[in-house]
Amino acid sequence: MKMALQVEDNKNNIPESWEKIRMRLKKEYGRATYTSWIKHLDLQNVEGSQVVLSVPTRFIKEWIQNNYHRTIESFWQQECDNTYRVDLIVRPKANDDKPESRPFTASGVDVSGQNIDVLSVAKDMESFGSPLDRRFTFDNFVVGDSNQLAFAASKALAESKNVVRGNNPYYLYSKVGLGKTHLMHAIALHMRKHQPGRKVIYLSAERFMYQFITALKNKNIMAFKDSFRNIDVLLIDDVQFICGKESTQEEFFHTVNALLDQKKQLVIAGDRPPSELEGMQERIRTRLGWGLVVDINSADFDLRLGILRSKVDQMIDATLPDTVLEFLASRVTSSIRELEGALHKVVAHATLMNKDITLESTQSILTDLLRANEKSITIADIQKKVAGHFGIKVADMSSANRSRSVARPRQIAMYLTKKLTTRSLSEIGRKFGGKDHTTVMHAVKRIDGLLEQDEELKSDVSLLERMINQ
Ligand code: ADP
Ligand code: MG
């Protein structure tokens, strides 16, 4: 009874709150951003803790998702005093012309009755999980050295009809933005399509916690437990979220055990290996590490370029000049999400301005982003890591010692500095003990040339690059 009343209240306030949130967003981001992006958002549906906002195109959706989603979500939570989760969907074309005429509904079903995305969101909610992004398929996943194993393991798991004992749980980890969620969605989408009889649920750990806390509050913990009863495959994303959250962990542990005991497949993703999940109970860490543990490493240049090419294909009809793609791939190195964000920004800008995309425009559009990317990479850090790797002293990076055991690592460090930062040759020279810019240029060329022939050097350099980019 009390619950019903609350929902009633929310329903009345929500359009009003949404209006306030829009105004706050306008203030936060300024008129231009508001008009280009945020204005296109429409409130589509609210049910329980889930808010669904719609936009006219996939492109705008992605843009908002990448740039403003977090703020939008936190504004909702502040305005409505509730842990809202905001999902974005692309609304059907027919609705685009007259957005004002579309009435708001809080019933849980889209008013147009024809929006497949919304329906699938609603269906997912019934079944307790989070919605799946249809673009996150195996086909759209570009494979390279760093994610090959994770891709193969995920695909094999998605295709198998039975639970393979050694693979359960399947634990996938990487730093942020390297494709864990993409692969988890791909597994779930694949299974739902090819094995419709199996009940496959994908859920972030955050949502798990939210559902659990809500159930506790409403005293229907039995219903919460029931939701897991007939699941065949459970995928839980971002498990690190429940580190330090004791009661949620307790419940999570029971859920995991119950499913494993029943030989149900578990897929868990986190931002670090199970053993390093600080604030997670030891017994849970052990359990999560029982099965197959696979990681995704930072993408190398080739993979970043491959991903960009594939995203461009999906995004626009036009192609981008190779120089632009190569520039992006060499400068935005830390995560694929950021790389995608940079690409979107460049394309958006060009579309809005109706201009061609060139290397120069790309550089100027991305100034801030590039600077931010670079901040994390300092020359000192490169010198330290390279020296450490070759077992020489950091001081040797600035010395005039020409013996090969010291000079080669120094050249590698110069090469990496040139490659990974925007420092000029003379600046680099200065930081390496006041050397001339021609010395740096020579070092860069030398290493570049050697990389073609020397496999060992190549693997040293790519390992160092990964370490520096971490
Ligand atoms: P994570 O969950 O590890 O933080 P995501 O799966 O959310 O990362 O990936 C971030 C973005 O990068 C997504 O849009 C995803 O589609 C994209 N992405 C990551 N890896 C790849 C890949 N190998 N091929 C294509 N897209 C990728
Ligand atoms: Mg993720």
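**Exercise 1. The contact of H19 with H20**

Task: In this predicted model, find which residues of H19 meet which residues of H20, and describe how the two helices pack.

Solution:
- Start with the residues. H19 brings Ile447, Leu450, Leu451 and Gln453. Facing them in H20 are Glu455, Leu457, Lys458 and Val461.
- Sort the residues of this contact by class. Five are nonpolar, one is polar and two are charged.
- Place the helices. H19 covers residues 437–453, and H20 covers residues 455–469.
- Read the geometry. The helices pack at an angle of about 120 degrees, and their axes are 6 Å apart.
- Assign the hand. H19 and H20 cross in a left-handed sense.

**Exercise 2. The shell around ligand 1**

Task: Work out which residues come nearest to ligand 1, which polar atoms lie by its nitrogen and oxygen atoms, and how much of its accessible area the protein covers.

Solution:
- Take the shell. It holds 19 residues, and Gly177, Thr181, His182, Arg337 and Glu340 come nearest.
- Class the shell. It has seven nonpolar, seven polar and five charged residues.
- Look for polar contacts, using a cut-off of 3.5 Å between N or O atoms. A polar side-chain atom of Asn147 is 3.2 Å from a nitrogen atom of the ligand. The side chain of Lys311 places an N or O atom 3.0 Å from a ligand nitrogen atom. Gly179 uses its backbone: a polar atom there lies 3.1 Å from a ligand oxygen atom.
- Check the cover. On its own, ligand 1 has 550 Å² of accessible area, of which the protein covers 95%.
- Name the elements. Two or more shell residues come from each of helix H6 (180–194), helix H11 (301–315) and helix H13 (336–353).

**Exercise 3. Two backbone features**

Task: Locate the cis peptide bond at proline 169 and the positive phi of aspartate 238.

Solution:
- Recall the background. Most peptide bonds are trans, and most residues other than glycine have a negative phi.
- Take the peptide bond. Asn168 and Pro169 are joined in cis, with omega about 0 degrees. Pro169 sits in the loop between helix H5 (148–159) and strand S4 (170–173).
- Take phi. Asp238 is not a glycine, yet its phi is positive, about 55 degrees. Asp238 belongs to the loop between strand S6 (233–237) and helix H9 (246–261).

Methods: Residues numbered from 1 in each chain as written. Chains lettered and ligands numbered in written order. Predicted model: local features only at pLDDT ≥ 70, side-chain atom pairs only at ≥ 80, totals over all residues. Heavy atoms only, no water. Near = heavy atom within 4 Å. Polar contact = N/O pair within 3.5 Å; in protein donor to acceptor, adjacent residues only side chain to side chain. Areas by Shrake-Rupley, 256 points an atom, 1.4 Å probe, with all protein chains shown as cover. Helix = DSSP H or I, 4+ residues; strand = E, 2+ residues; numbered from the N terminus. Nonpolar A, V, L, I, M, F, W, Y, C, P; charged D, E, K, R; others polar. Axes fitted to C-alpha atoms, helices over the stretch in contact; angles between N-to-C directions. Left-handed = near helix turned anticlockwise from the far one by under 90°. Contact = heavy atoms within 4.5 Å.
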